[in-house]
Each structure stands twice: as C-alpha cells, then as structure tokens.
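Dear colleague,

Please find below the structure that I am handing over to you.

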Amino acid sequence: MQVSSSVRDPLVTGGKTIADVSHDISRQVEGKPSRLWWMSFAVSLGFLGFGFYCICYLLWNGVGVWGLNKTVGWAWDITNFVWWVGIGHAGTLISAILLLFRQRWRMSINRAAEAMTIFAVICAATFPLMHMGRLWLGFYWTLPLPNTFGSLWPNFNSPLLWDVFAISTYFTVSLVFWYIGLIPDFAVIRDRAVVQGHKLRANIYNALSFGWQGGAKTWMRYESVALILAGLSTPLVLSVHTIVSMDFATSVIPGWHTTIFPPYFVAGAIFSGFAMVLTLLLVTRVVFKLEDYITIYHIELMNIIIIVTGSIVGIAYITELFISWYSGVEYEGYAFYNRVQGPYAWAYWSMMTCNVISPQLFWVKKIRTSIAATFVLSIVVNIGMWFERFVIIVTSLHRDYIPSSWTMFHPTMYDIGEYLFTFGFFFAAFLLFAKYFPVINMAEVKSIIKVGSEKTKPESH
Amino acid sequence: MDADKNFLVGVFDDEDVLLNGVTTIRKSGVKIHEVYSPYPVHGLDEVLGYRRSRLPIAAFMFGITGTSLALFTQVWMLGYDWPMIIGGKNFASLPPFVPVIFEFTVLLAALGMVGTFLIASDLKPYKWPRQFDIRSTEDKHIMAIDLALNKGKSKAELASILKTAGASEVNEKNF
C-alpha cells in the first residue's frame with residue numbers, strides 16, 4: 001500500500017508498489033514490438049531514407065543545391081541547427097536543474113527527456129557539418145590538432161568554434177549522465193531475464209548494466225556522481241545555448257547584434273524543449289500505459305514551465321521591437337519594420353501568434369490539465385520556435401545595409417530534405433530507445449513510493 | 001581467490017525497518033558485508049558507517065586540469081606559436097577564451113569523474129555480479145553477512161539477530 005502525504009498530489013497514482021514499478025516499465029522492454037511501433041518505425045525510416053538521399057546529393061554536388069545565395073548565406077541549415085539544439089535543452093534541464101531544486105516530479109520524465117536531448121543534439125550536429133560542404137575535410141579542421149599547414153590553429157575568438165566545443169561537450173556530458181542513470185535499470189531487466197530464463201537478454205543487459213549490483217556503497221557513489229553531473233550540466237545548459245546565440249550576437253548585422261540574445265535564446269530553448277517533451281510523452285504514456293507514472297500533475301507542471309519561459313520569450317520579442325525604434329539607429333529600426341510588414345511578415349506573425357499567444361492559454365487551468373489541448377499547443381509552440389529562428393536569420397540577412405544586395409530566399413527540395421532526414425532520425429532513434437530501454441527511471445521512481453509496512457501505521461485520509 | 005565464501009543473507013521489505021535494523025545489528029557487534037537495494041536509501045550509508053565519497057574531489061581535480069589545459073593551449077597557439085591579427089584585437093586575451101575554457105573544464109570533470117566512478121565501483125561490461133538474492137533489484141533490501149568476518153557468533157545466533165532486527169527471511173548463500 002502507498003503512504004502518501006495528505007497535502008501533496010501523489011507523484012505515482014494507482015496505489016503502485018515497488019514491484020509494480022519494475023513490472024510496468026520492464027514489460028515494455030521485454031515484449032515484442034507492437035504493430036503501431038513497426039508502422040511508426042517504418043514511417044521514420046522512410047523520412048530518414050529520403051533525407052539521406054538529399055544529404056548524399058548535397059555532399060556530391062555542394063552546398064549550392066540549397067536555396068542559399070550571397071545575401072542569405074544561412075537559412076534553413078542554421079535555423080534547423082538552433083531549433084534542434086534548443087529542443088535538446090529541456091532534457092538537461094529536467095535531469096539536472098530540477099534535480100538541484102529537489103523537484104521529485106522530474107523522476108518519471110527525466111529518462112525520456114534526456115534521450116530526446118541526445119537524439120536532438122545529434123540531429124542538430126548534422127547541420128553545421130553539412131553546411132561545411134566538404135565535410136570530410138572540415139570536421140576535423142575545427143579541432144586544435146597539429147597539422148601540415150604550418151600547424152594552422154583554429155580561431156578561438158570565433159563563436160563558431162566555441163560552438164564546436166560547446167555542442168560536443170554538451171552531447172558527451174548528456175550522454176554520460178543519461179547512461180549512468182540507465183545502469184541500475186538495465187540491472188533490473190537483467191535480473192528479470194534471469195528469472196524468466198532468457199539467457200541472451202540477460203547477457204546483453206548485464207553487459208549494458210556493467211555488472212551492477214546495487215550495494216549501498218555503490219549507490220552512495222552513484223548519487224554523488226549524479227549530483228556532480230547535475231551541477232556540471234546546469235551551467236552547461238545555460239552556456240551552450242548562450243554560445244549558440246553568440247553566433248548571431250557577436251556579428252554586426254541589425255537584428256543580430258544585440259545583447260538580449262543569450263537570455264532570450266536560453267529561455268526559448270527551454271520553451272521549445274518542454275513542448276517537444278510533452279509531444280513525445282503524451283503519446284508514450286498512452287501507448288505504454290504509463291498514465292500512473294506520468295500523471296496530469298506532471299503535465300500541468302510542464303505546462304507551467306511553458307508559460308514562464310513563453311512569457312520571457314514574449315517579453316524579449318516586445319523589448320527587441322521597442323528598442324529597435326527607441327535606439328534611433330535607422331538600420332535597426334528598418335530591420336524590425338521589415339519583419340513586421342515586409343515580404344516575410346507572414347513568418348513573423350506566425351512566430352508571434354504561436355509563441356506569444358499560445359502559451360498564455362495555459363493560464364486557464366482547464367487548458368493546462370487537458371491532454372488534447374496540451375498536445376496541440378506543444379506542436380504549435382515548436383512550429384512557432386522554428387519560425388523564430390527562421391525570422392531572426394533570414395529577415396536580418398535578406399535586407400541588411402546595402403539595398404542593392406537585397407534579395408529573397410527560397411528553400412529547395414534539399415533544404416527540406418535534410419530537415420526531414422533529422423525528423424526521421426529523431427523518431428527512429430526515439431522509437432528504438434522506447435522499445436529497448438526502460439522509458440522511466442525505475443530506481444528513482446521506486447525511491448519516491450513510500451510503502452508502509454506492517455510495522456508503521458499508514459495515515460488514514 | 002574466493003574459494004569458499006559463506007554468507008548469511010537477510011531480506012528486508014521496508015527501508016525504514018532496514019535502517020533501524022542496521023543500527024540494531026551493528027550495535028550487537030555484527031559486521032555487515034554489504035546491503036543491496038533496488039534504489040538508493042537515504043541515510044543507509046551513514047548507519048552503515050561508510051566514509052563520504054571522494055568522487056567530488058576527483059571531479060574537481062579533473063576540472064582544474066581541463067581549465068589549465070584549455071587556457072594554456074589557447075594562449076600558446078594564438079599568443080606564441082602563430083599569432084594572427086584578427087579584427088585588430090589582442091593576440092591572446094582572456095574574455096574570448098572563456099567559453100572554450102569553461103566547456104573543456106566541464107568535459108574533463110564529467111568524463112574523469114564518471115570513469116573514476118566505474119573503476120572505483122568495479123563496474124565492467126564483461127562482469128557478472130555475485131548475486132546474493134535476485135530480488136535485490138526488484139523490491140527487497142538484501143543484507144549480506146560474511147560468516148568469515150563474524151567468527152565469534154554461530155549461524156543460528158546471527159540468524160536470530162537478523163530476524164529480531166526485522167528481516168522477513170534469512171537464507172544462506174555460498175560461493
């Protein structure tokens with residue numbers, strides 16, 4: 001039986017016992033993939049395949065197959081890069097920052113959110129790599145390795161290089177944090193496989209669990225590692241997206257050269273990341289029957305974070321708009337006048353509606369506790385955040401200082417194709433994760449179920 | 001090496017009973033080999049008398065290494081080895097070097113600490129653990145008593161101490 005507080009909503013509903021936790025979550029890993037899983041996987045592979053063709057075509061023919069031109073040197077490539085990196089940040093926030101704030105509601109969502117982070121960062125990394133053109137040369141030229149060009153070193157003053165270090169560190173640390181959390185849960189699946197007599201599964205999950213046993217000493221070290229990793233990951237979340245924003249903020253173009261970008265981008269990243277976590281988890285909890293672990297309370301709390309970060313993003317938009325006029329700098333003023341009523345105004349107003357208006361709907365309790373509304377709005381938010389990056393990049397580039405260079409940007413099939421590649425990869429990877437890895441951190445959830453024994457009297461309420 | 005190890009295994013259902021039980025058992029002079037739980041039990045390492053982990057110190061050492069390496073590398077590469085005039089700015093100035101220094105510090109601290117954790121806890125992908133009770137990852141807390149370290153007490157005595165302390169089962173396990 002479960003002993004829960006009379007003042008807080010229970011984090012795990014349905015009167016679950018500790019053994020139930022192992023059973024409910026492991027059975028998804030142990031069963032065969034369902035028809036729905038195969039269909040979703042096939043669709044993802046379809047996108048992946050088409051996108052892979054587009055990428056190969058790009059690498060063979062060069063970056064000219066995209067719609068870029070001399071004026072608009074970055075468009076879909078960097079929009080997608082920033083979009084995916086932003087999405088990744090929610091996972092780290094849930095694992096790391098909420099751990100430091102002792103928010104126990106994070107325990108049932110952090111594993112899936114971190115997996116989402118890792119796959120999102122991989123998707124993001126494909127864009128800077130592909131936009132180099134000669135990927136096979138460029139990917140190691142950014143590293144400070146001795147070479148035959150007189151030992152030409154990379155330019156450490158450039159945010160583009162800071163990005164290389166930031167994104168690779170972020171990916172590595174997130175991967176390690178996620179994997180360390182998985183080790184005890186792989187041991188659960190290993191032991192269940194031993195009991196059920198599945199030798200192959202037991203051996204595979206034993207290897208994955210590094211021979212974990214769960215002794216008190218090991219748990220003590222494990223908690224220490226988790227706390228320090230959380231403490232390291234927190235400034236990482238803030239710094240990585242700040243560095244990504246510096247790609248723009250350290251330039252000289254009106255609409256880019258602004259000090260508001262670091263906090264604006266970080267808030268926007270958390271905003272879009274939580275929306276993507278919601279989109280994924282709302283589906284996962286239904287398909288895997290995990291409604292008792294990822295409850296309406298969890299969804300409501302995530303929506304509240306979306307209101308907070310969405311409001312910060314909204315204030316940033318209004319600040320930018322106001323300062324562009326108040327500064328008296330005619331280029332800055334025109335940049336925003338162009339956004340509001342120029343040829344890309346449709347993109348700007350989509351961004352404003354999706355990002356400023358839709359999260360404000362969550363002030364209404366009925367909406368933020370409604371699954372359908374949350375699902376729809378989470379997708380709307382992600383669309384809006386894509387448009388935000390598109391508006392920042394393309395509208396500032398297509399009309400900057402010299403009117404004779406002004407031109408439009410039109411995406412080609414290969415711009416869209418690479419984006420679809422990343423969607424295909426992301427969903428295929430997430431489906432594989434959901435099938436073969438336990439989607440919820442079993443050990444952590446077990447620690448928050450207080451089971452009253454016969455020796456302690458449960459409180460009646 | 002572990003030719004013939006004999007253990008007495010106590011099974012506890014509830015973490016609070018376990019915590020009280022550990023205190024009682026240790027008070028009666030029994031040396032506990034280890035307690036295996038499905039999740040980290042708060043306060044367990046204290047009542048078992050374990051010293052605090054030094055992994056944070058290791059993490060700090062790795063971090064300092066990262067900071068120094070990153071700082072030295074950048075200053076040497078752009079300040080001494082091949083200085084270049086970039087935007088008319090100083091060859092090697094601290095503010096633009098901070099992002100890389102910070103990221104590298106975090107990277108080395110994280111990887112170093114996790115590697116140390118795996119080595120210190122003897123976690124290897126090719127190792128099968130010595131299982132005292134298969135339910136230790138499911139929902140039971142398993143206390144292992146090494147008979148070789150508790151020569152002063154008989155098996156029956158130890159079993160009754162465990163039972164009084166709250167163990168729901170007492171089993172024998174030999175390796």
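This is a predicted model: local features need pLDDT of at least 70, side-chain atom pairs count only at pLDDT 80 or more; totals for chains, interfaces and linings use all residues.

Local features need pLDDT of at least 70 and side-chain atom pairs count only at pLDDT 80 or more, while totals for chains, interfaces and linings use all residues. Residues are numbered from 1 along each chain as its sequence is written, and chains are lettered from A and ligands numbered from 1 in the order in which they are written.

Chain A contains 16 helices and 0 strands; these are DSSP runs numbered from the N terminus, helices being H or I of at least four residues and strands E of at least two. The C-alpha trace of chain A spans about 80 × 55 × 40 Å along its principal axes.

Helix α6 of chain A covers residues 159–196. Of its 38 residues, 27 are buried. α6(A) bends by about 35° at A:Ile183, with a proline, A:Pro184, following within four residues; the bend is the angle between axes fitted to the seven residues ending there and the seven starting there. Just after α6(A), A:Gly197 has a positive phi of about 85°.

Chain B gives 57 residues to the contact and chain A gives 55, where two residues are in contact if their C-beta atoms, placed from the backbone, lie within 7 Å. On the side of chain B that touches chain A, α4(B) provides the largest share, 17 residues.

Yours sincerely

Conventions
The expected span of a helix is 1.5 Å times one less than its number of residues. A residue is buried if 20 or more other C-beta atoms lie within 10 Å of its own, exposed if 12 or fewer, and partly exposed in between; C-beta atoms are placed from the backbone.
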